Amino acid sequence: MLGTCGVDSLDGLYADVPDGLRLARHYSLPDEMSEKEVRDFFDALGRKNRVMTCFAGAGYYHHYAPSLISAIVSRSEFLTAYTPYQPEISQGTLHYIFEYQSMMSSLTGMDVSNASMYDGTTAAAEAMLMMNASMRKGGRILTSATMNPRTLAVMQTYAHFHGIELEIIPSTASGMTDMALLKSRIAAGGVAGVVVPSPNYYGILEDFSGLSDACHAVKALLAVDSPASALAVIKSAGEWGADIACGDAQSLGMPLSYGGPTLGYLCSTKALMRKMPGRIVGATVDRDGQRVFVLTLQAREQHIRREKATSNICSNQGLMTLYAAVYMSLMGSRGLEEVNRRGIEGAHYLADRLAATGTMTLTYPDSPYLNEFVMTVRPGTDAYLTAAAAQGILGGVKIDGRHVLIAVTEMQTRTDMDRLVAVAASLV
Amino acid sequence: MSNTYYLQSHEYARIDGNIAYVGITKYAAGQLGNVVYVDMPEEGDDVAFGEEFGAIESVKAASDLFSPVTGTVIEPNTALVDNPRLVNEDPEANWIIKVELTEPLNLEELLTEEQYKELIK
Amino acid sequence: MNRRLYGQLIFELSHPGRKGVKVPDNGVEFAVDIPSALMRETPLDLPEVDEPTVARHYNNLSTNNFGVDTGFYPLGSCTMKYNPKINEEIASHRDFRDLHPLQPSWSVQGALEAYYTLQEALSEVGGMAEFSLNPYAGAQGELTGLFVIKAYHESRRDYARDKVLIPDSAHGTNPASAALAGYKIVEVKSLPDGTVDTDDLLSKLDDTVAAMMMTNPNTVGIFERNIPAIAEAVHGVGALMYYDGANLNPLLGVARPGDMGFDVMHINLHKTFSTPHGGGGPGSGPVGVRDGLQQFLPMPKVVKSAEGSYEVVTDAATSLGSVSHWLGNFAVELRALAYILSLGADGLMEVGKLSTLNANYIKERLKDLYLLPIDGLCKHEMVFDGLADKSTGVTTLNVAKRLLDMGYHAPTIYFPLLFHESLMIEPTETESLETIDAFIDAMRRIAIEAKESPEMVKDAPHDTPISHPDDTAAAISPVTTYRQWLAANEPS
């Protein structure tokens, strides 16, 4: 091979690299390992972690993932393919993405879904960019202090560097967006769009009646951010009259994996379709009249529009949309509703029993919530979480020294809940 | 003397009194290939000479549209929304926007038909 | 790959009342009263299917897909190397898979050690002081890198820098990311050999320039040998050098971006570090910085204490902020670490040279039949400008489609934009001589077919599950959901 290349050594292939730039030493890294050693290494590392019964949520939920999902997503034909640039040999990928888009459209009540967002935080940031771009001269974006703080942080980063004015409307004593203030800020004008959460960070379902009309009256757009699974039971973005639905789809069959990878979803009305970032699959026919699928609306994308693209997104979060598609196929409408019902009933049972211990109270007792709620912990959040951890329980997510956010899914049994209640009762 | 003027970026303006019909040239339509979408302003929007007023897309290309005139859009050609292929069929008959001029033509910078023909030779 | 299309949609297999899984019963029944105005009214229409049907459906679909495990995938600029399966096993290890991102640091010491160890290994390979693994993909790594640059200039109250310089040969993501970071884009011209025109660069450098973005080797696969002079000139006006890690693979074991004068860079773990591409994602795009810029990296961040324990830090005044929910695509990071440990220092030292050897060998063996606009040594990939014999009318697109018939994935086509008929081939280091020779034979056969039966080549592919999909119809009236498909295909 070297002879064919006209060089007499591998180094000869780098004759064009100036000497001063060449690495004159070996990497300072460990020696190579056999598979067994690699496995042993990670087994040892894994033992330094503690997997606990999980009552933590805050955007990422421990749901049951049927075994078939991992069997399908491990198929090499799916796993080792790239973005389906050649539709003739990529119908598998294109086909499941089309199914995913169809399912997300049904869940969100929107016309169109992309397949490209990394997670919920960046999906919200992309929704913000999309709304900003839909106004010829841009405009302010309004959002709520009841959004997930990690989502807000990412939106703030993107807004700061891109030069978007992002205004955060404060929350009320009932843990909800100050809706009167939000509506008056919308009416003040210059607003390109509004992003609100449902349920919000505290698990509370807010009432968005009249919000889409208020937005549309001043030509602003409305985006509603929800964890995907909950859309099976809560009023969807489409039903609220929103223009965009966004959020994290981890709750559709994806493991927690210490935070990633997951999948962000972004759906919109047909009117905004051409402002949508990322990959979209469309149906068409081939020469033989077969129904086939292709990447479509590509002229919006970075590889063609360069600096004029709506977004720089290249990913097509393919494999994660496959998790979601297989999960939703197995669950069906009724299965997904049942998953939510178990979480909701479990959460209300647990909140009731925790409050009965006398060491904690429901922080927002008059606000309707789904499968997640905030407790005010009289002995302090740290004391509670430490006592729970001693029992092998992740007791929730700390909001501050006195407040903890607790989530329930179909995964925690009544026994698990009663153990957590015993922990709460033991606090003084 | 022709009543049509051009930009180097291949937009034309056909002038009829105080009205300009703005579209892309046959040459540009040929270069772009099958047009799949035309992004155009709404009635009442202002356009300015040399500034972007929309975009035109084919399957694998997209280009911005620049206005050869300054004025107010009195009619976007909505027939192109459902049938963008019209641009390929006859780009001159199928203008993109109809503009009421608010400023005189920028004759110093606009190309005449002869100059444009020279450009694309 | 199955050459017949499996065309059914899961919705078409649905039978009302069927279910693919029993939902776990947590044993709680509790009356809940949520106002109905807040609940969903529209019925969901997800498919209702039993488990064996779902299994067969997706397995059949997979047979219409081509991956690296199916065959040779010489997609230029994408580094489609083999993805070792031990990495998959590690990524789904229960002791990592079931960790919640917001668990306290003490309960995730193993995960944090993995993050920290990979961060250090990437710093060694990139010649950087520190990496953040948080960015989810290459494009986001690039964007985060530009945020670092902007945060750096802002920290010096230098607000006048509003431009980023980008070579005209760059991938579209570079200008898209720079625009997203709020910068204006100024293109720098390329010389006929594809490298940066230094004179043009110098004429565009002043104190309004924030950064210069480059890949090296560049998108044509050529090493930019003037890089020290370029870096000096860019630094001379107070701007920073950004390294797009898309083409890092050939430099493994040979050179490091940090030693070339780059200040900020990203790495695509799904390219250089062999994590699977997953049909387009999830990827991972860690961003690294030279000494002096660490304080601008995104939050959260993993720090190691003097006693050797690890902690997650979530805020710091100088940080650019966050770009992700937590610590990025953690399971992808685990795969990359497993890859680095498997190869070890010695193995990684060989990666670049072998990828370059494979590329040069293909280039030499095809350059009589395919037009090589830039002769000489290439690095991990080469760009042909279509067939050498232009008289047949056979285009790069035709060659690409004919390759599909022969059981190969197509190279990258019509990129870079420097040539009309770009055909960009990247073999990677994980292909054997036999595979590469067979691919060369296929490419040579196509060149001969183009002369002997050009119409047949122009009409390719002939032997794939579908052929000649109507892209135009798809883009004019997009049908992107099953419901829209039903509406468009109603018998009238």
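In this predicted model, 100 residue pairs are in polar contact between chain C and chain A, with both residues at pLDDT 80 or more. On the side of chain C that touches chain A, helix H10 (residues 330–366) of chain C contributes the most, with 24 residues. That side of chain C consists of 107 nonpolar, 53 polar and 37 charged residues. The contact involves 197 residues from chain C and 180 residues from chain A. Between chain C and chain A there are 11 salt bridges. One of them pairs Glu124(C) with Arg25(A), where the closest N and O atoms are 2.7 Å apart.

The side of chain A that touches chain B is made up of 2 nonpolar, 1 polar and 6 charged residues. Here 9 residues of chain A meet 18 residues of chain B. The number of salt bridges between chain A and chain B is 2; Arg274(A) and Glu57(B) form a salt bridge through their side chains, at 3.8 Å from N to O.

| Chain pair | Buried area | Share on carbon and sulfur atoms |
|---|---|---|
| chain C and chain A | about 16,400 Å² | 62% |
| chain A and chain B | about 930 Å² | 42% |

Next come the annotated regions. An unreviewed UniProt entry lists residues 33–298 of chain C as "domain: Glycine cleavage system P-protein N-terminal". This span of chain C is 33% helix and 11% strand, and the C-alpha atoms at the ends of residues 33–298 lie 42 Å apart. For chain B, an unreviewed UniProt entry places "domain: Lipoyl-binding" at residues 19–100. Residues 19–100 of chain B are 18% helix and 43% strand, with end C-alpha atoms 5 Å apart.

UniProt also lists Lys271(C), in an unreviewed entry, for "modified residue: N6-(pyridoxal phosphate)lysine". Lys271(C) belongs to helix H9 (residues 269–272) of chain C. Is Lys271(C) buried or exposed? Lys271(C) counts as buried because its relative accessibility is 9%, and the cut-off for buried is under 20%. Leaving aside residues up to four places away in sequence, Lys271(C) touches Ser77(C), Cys78(C), Thr79(C), Lys81(C), Ala246(C) and His277(C).

The remaining items concern the backbone. Most residues other than glycine have a negative phi, and most peptide bonds are trans. Gly260(A) and Pro261(A) are joined by a cis peptide bond, with omega about 5°. Pro261(A) sits in the loop between strand S7 (244–248) and strand S8 (264–268) of chain A. The loop between S7 and S8 of chain A also holds Tyr258(A), a residue with a positive phi of about 50° although it is not a glycine. Tyr258(A) is buried, with a relative accessible area of 1%.

In chain C, a cis peptide bond links Phe415(C) and Pro416(C), with omega about 0°. Pro416(C) is in the loop between strand S11 (412–413) and strand S12 (422–425) of chain C. Arg157(C), a residue other than glycine, has a positive phi near 55°. The loop between helix H5 (138–155) and strand S2 (163–167) of chain C contains Arg157(C). Arg157(C) is exposed, at a relative accessible area of 65%.

Conventions
Residues are numbered from 1 along each chain as its sequence is written. Chains are lettered from A and ligands numbered from 1 in the order in which they are written. This is a predicted model: local features need pLDDT of at least 70, side-chain atom pairs count only at pLDDT 80 or more; totals for chains, interfaces and linings use all residues. Side-chain values use heavy atoms; hydrogens and water are left out. Contact means heavy atoms within 4.5 Å. Buried area is the accessible area (1.4 Å probe) that two parts lose on being put together, summed over both. A salt bridge is a side-chain nitrogen of Lys or Arg within 4 Å of a carboxyl oxygen of Asp or Glu. A polar contact is a pair of N or O atoms within 3.5 Å; within protein, one must be able to donate a hydrogen and the other to accept it, and residues adjacent in sequence count only if both atoms are side-chain atoms. Helices (H or I, at least four residues) and strands (E, at least two) are DSSP runs, numbered from the N terminus. Ala, Val, Leu, Ile, Met, Phe, Trp, Tyr, Cys and Pro count as nonpolar, Asp, Glu, Lys and Arg as charged, and the others, Gly among them, as polar. UniProt positions are given in the numbering used here, feature names are shortened, and annotations may be inferred rather than shown by experiment. Buried means under 20% relative accessible area, exposed over 50%, partly exposed in between (1.4 Å probe, protein chains only).
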